[in-house]
Amino acid sequence: MKIIIIGAGDVGFYIADKLCREGRQVVVIDTDNERLMSLEEHIDAQFINGDGSSPELLKRAGIEQAGMLIAVSNRDEINLVACMVAHYFSPQTLKIARLRNPDYQRYPDAFKSFNIDLFINPEYEACKKIENLLEAAPAIDVVKFADGRVLLVGFRIEAEALMDGSKLYNLNKIMPGYAPLVAAIYRGRNVIVPRGADQLLAGDIAYFAVLADQLPRLLKLTGKRETPIEKVMIAGGSNTGLYLAQQLEQKGMKVKLIERSQARCEELADQLSSTTVLCGESMDAELLEEENVSSMDAFIALSKDEEDNILATLLAKSLGVHFGITLTNRLDYVSLVSSIGIDAAVSPQLAAVSRIMRFLRRGKVRSVEAIRARNAEGIEFTALESSKAVGRPLKEIDFPEGSLVIAIVKENEVFIPSGDTVIQPGDGVVIFATRKAISKVEELFSVKFEYY
Amino acid sequence: MNIRLIIKLLAALNLVLGCTMIIPLVMAFVLKQPDIKAFAVSLTITVVLSTAAYLSTRKVRGELNHRHGFLVVSLGWLSVCFFGALPFYFGGQFGDFTNCYFESVSGFTTTGSTILTKISTLPKATLFWRSIIQWYGGMGIIVLSLAILPLLGVGGMQLFKAEVPGPVTDKIQPRVRDTAKLLWRVYVIITAAQVLFLWLGGTSLFDSICHSFTTMATGGFSTKDDSVMSSFGLYNEMIITFFMFLGGVNFALHYMALKGDIKAYFRDGEFKVYTGIVVTATLLLAVVLYLVHIYDSPFTALRYSVFQVVSIMTTTGYNSADYELWTVAAPIAPVLFILLMFIGGTTGSTGGGMKVIRVWLAIKHGYRELFLLIHPRAVRMVKIGGKVVPEAILDSVIGFVVLYILIFIFATIIMSLLGYDFMTSVTSVATTLSNVGPGLGEVGPTDNFNGIALAGKWLLIACMLIGRLEIYTLILLLVPEFWRR
């Protein structure tokens, strides 16, 4: 069964790459021939140059036998029409469309006739990710499993912090009675799935597996401020900025929103109620100081220009903000920015990919989340009786290097496992695995981590 | 560079070749042929060496980058030709190793030039091996490996492109592996059809299979001393002509036709031009042959003309008449043949040469330059079948044509320095570079390449490989920049 992807941008590429590696037949359609030619070297898919909404082209791509159409080109109209045309040729095809225009999201009924199974708005997904981050701040990354009951929370280990230099088996000495599970350590470009004797070092990004209600204790352990975020400054009044401001308003946060254009500011002021809309440059240090940026709990740069965002966040951090988030459209930047002192980077593309992947998951796989761009994943799935890892204490099982069970999900109980935990058939298992380890984990649990 | 990964892939390629040696081995055993020992030894060497290489590198994982790809294809061909030459070497009828390697390269590259003086006296299994390696090289050793070996996933497209001829290679299925499988399936089906037709025409089963293998590969190795001249008859000649013609056509079109879309042929611009050239050249040659009284009946003139034109244009290289005898009375014949050799088959076919589409694009490009001189402000696109050809492809086509001609000139100069006359130098290089087979002069249809000097043989071996891999892949390895980090 074929999968047709319209749009070879970052989202299209990432999804195509994933599905191809699973051995699916993927057809990618894009108008940019040079982009397609460069992708051809990386992915074993078929590439068609042209307009993805053209019936002729979709037919040539084999829409009649396609199991799924993922329309993620950068133009909403193309995506909509493509889904409509696809429905005409093959109603049973699953259709996913990326829609940027927030108006469209507001009137889902208007698009019923397009028969689209899933709408994706990358900016909207990115906002949700930012909200999650703000909830868990000062964590720099949060990934949710088991309907939010299990969290994988990333922290930067600061020099001189409580945990700096401590071995993992000594963590319980810092706070008696509480020994958090470290699922992974990102050191430079490497991912380490640690053993007890591994050390946490300043500059590392450590991912802790915690139950949602244990988060405050973990925050205490990391020695970071645990006061909830109340005051937020947003730079960039695009639709994303507007949407985020609205959401934060609803949560009762105090929001300041900086936007360059006077006209847009007026529009924003009209649509927002408690938010203070400021007209000016996000990189204007004077304006930031005037608006007391140092007393803000978080600074979020959301403009369309990612370099601007990075610089504005750095400026705000230098002026005293504790927590800075930057929006970037380039996947390469996501792992880069943390090394220059920005707390978290959010990519709309990556957020959209996660959303699509969550939608596509099937079989025994309950959810899959990419962790820090592309080199590792958190996977939640149902354990099978046939697996070698079931019915034995975890410490007796030979787990592949680079993988770790971080939580067990039972019907009405979730817990972080210890060496004596025994996985029962039917349990949900959350596992962290690096890219290299994934196939071995699949073998161990005799589960195929397929998306589609 | 990830040398171990490359060794692993090469080992897998040669292991496949080693396994195919079982067929002639069994045949030699059943028919009690004298070459059984040659095949047993060759098979052992090939399988043991490649298995050892594979086992020692089996754990190597990784992805092929651009440069690896070119290296794998080039070394793949060089090594497969080496192991393919072993049965000839141990058989003893071919002479020194240069001769064996020449014959093997000529086989895999579907050239069909031979160093043998007496063909029909060879043991049957050896004859069969000559046909098998041509058939194997026709659709391509890499394409076959892509189809049957799972280890060439990502990066496979580049290997695929390097082997399938033509400036643009389209996949007929999203995955390279499926595409390769389908192409081989089509190849097998058409070959089987030809075997059936030849067999029904009274040819022995052995000769039917051997000739079908070398026809569909547009190779041209025959089991007879005089190719298709005496022992086939009109019916079989016409069958061979028809299938040679098919071999010169894009296999993606055959695939669509087999799926029921016969019209696909006529939607394809290149196919129309290819057919046009074949028809025009055939009629022209037939008229001349008739007018200069080489053949007294127009029908006979047409019969020999169509066979020879198709054979040379598709770069098969069979001959149904000693066309060297035509050159004196009809000087158009050799000129026409050299032209057809250069043009060759079409994109995605088993034919060699520059390919119809490249020649056609070069001509259209030339015409556009003239047009722009007349209308300096005109915007004019080069189109094929109503579709605009991207400038990048035009550039690569022009680059290809220039390199092709440069290599041709360079090799011809060397051949003449080695002491060969004008006709021999020109046609021996043209025929090997375009993977045709026989040339004219000392390497004419009734002669062979045994008399060529050692240096000349290696030069022509290089020409055959360069021609089959469409210039760039092999030449790249000679560019110092390729080896810099």
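Predicted model: local features only at pLDDT ≥ 70, side-chain atom pairs only at ≥ 80, totals over all residues.
Trainee: How are α5(B) and α21(B) oriented to each other, roughly parallel or roughly antiparallel?

Mentor: In chain B, the axes of helix α5 (residues 97-108) and helix α21 (residues 454-468) come within 10 Å and cross at roughly 20 degrees. Because angles under 35 degrees fall in that class, α5(B) and α21(B) are roughly parallel.

Trainee: Which residues of α21(B) make the contact with α5(B), and how many of the contact residues are nonpolar?

Mentor: From α5(B) the contact draws on B:T98, B:Y101, B:F102, B:V105 and B:S106, while α21(B) contributes B:L454, B:K457, B:W458, B:I461, B:M464 and B:L465. By class, the contact of α5(B) with α21(B) has two polar residues and one charged residue, and the number of nonpolar residues is eight.

Trainee: How is α1(B) oriented to α3(B), roughly parallel or roughly antiparallel?

Mentor: Helix α1 (residues 3-20) and helix α3 (residues 36-57) of chain B pack with their axes 8 Å apart, at an angle of about 150 degrees. As angles over 145 degrees define the class, α1(B) is, relative to α3(B), roughly antiparallel.

Trainee: What is the handedness of the crossing of α1(B) and α3(B), left-handed or right-handed?

Mentor: The contact involves, among others, B:I7, B:A11 and B:L15 of α1(B) and B:L43, B:V47 and B:Y54 of α3(B). By class, the contact of α1(B) with α3(B) has nine nonpolar, six polar and two charged residues. The crossing of α1(B) and α3(B) is left-handed.

Trainee: What radius of gyration does chain A have, and what would a compact globule have?

Mentor: The C-alpha trace of chain A spans about 65 × 65 × 40 Å along its principal axes, and chain A has 15 helices and 22 strands. With 452 residues, a compact globule would have a radius of gyration near 22 Å, which agrees with the value for chain A, 23 Å.

Trainee: Which element gives the largest share of the side of chain A that touches chain B?

Mentor: The contact takes 10 residues from chain A and 12 residues from chain B. On the side of chain A that touches chain B, β2 (25-30) and α2 (33-40) each supply at least two residues. The residues of that side of chain A divide into three nonpolar, three polar and four charged. The largest share, three residues, comes from β2(A).

Methods
Residues numbered from 1 in each chain as written. Chains lettered and ligands numbered in written order. Axes fitted to C-alpha atoms, helices over the stretch in contact; angles between N-to-C directions. Helix = DSSP H or I, 4+ residues; strand = E, 2+ residues; numbered from the N terminus. Parallel < 35°, antiparallel > 145°, perpendicular 65-115°, else oblique. Contact = placed C-beta atoms within 7 Å. Nonpolar A, V, L, I, M, F, W, Y, C, P; charged D, E, K, R; others polar. Rg over C-alpha atoms; globule rule 2.2 N^0.38 Å. Left-handed = near helix turned anticlockwise from the far one by under 90°.
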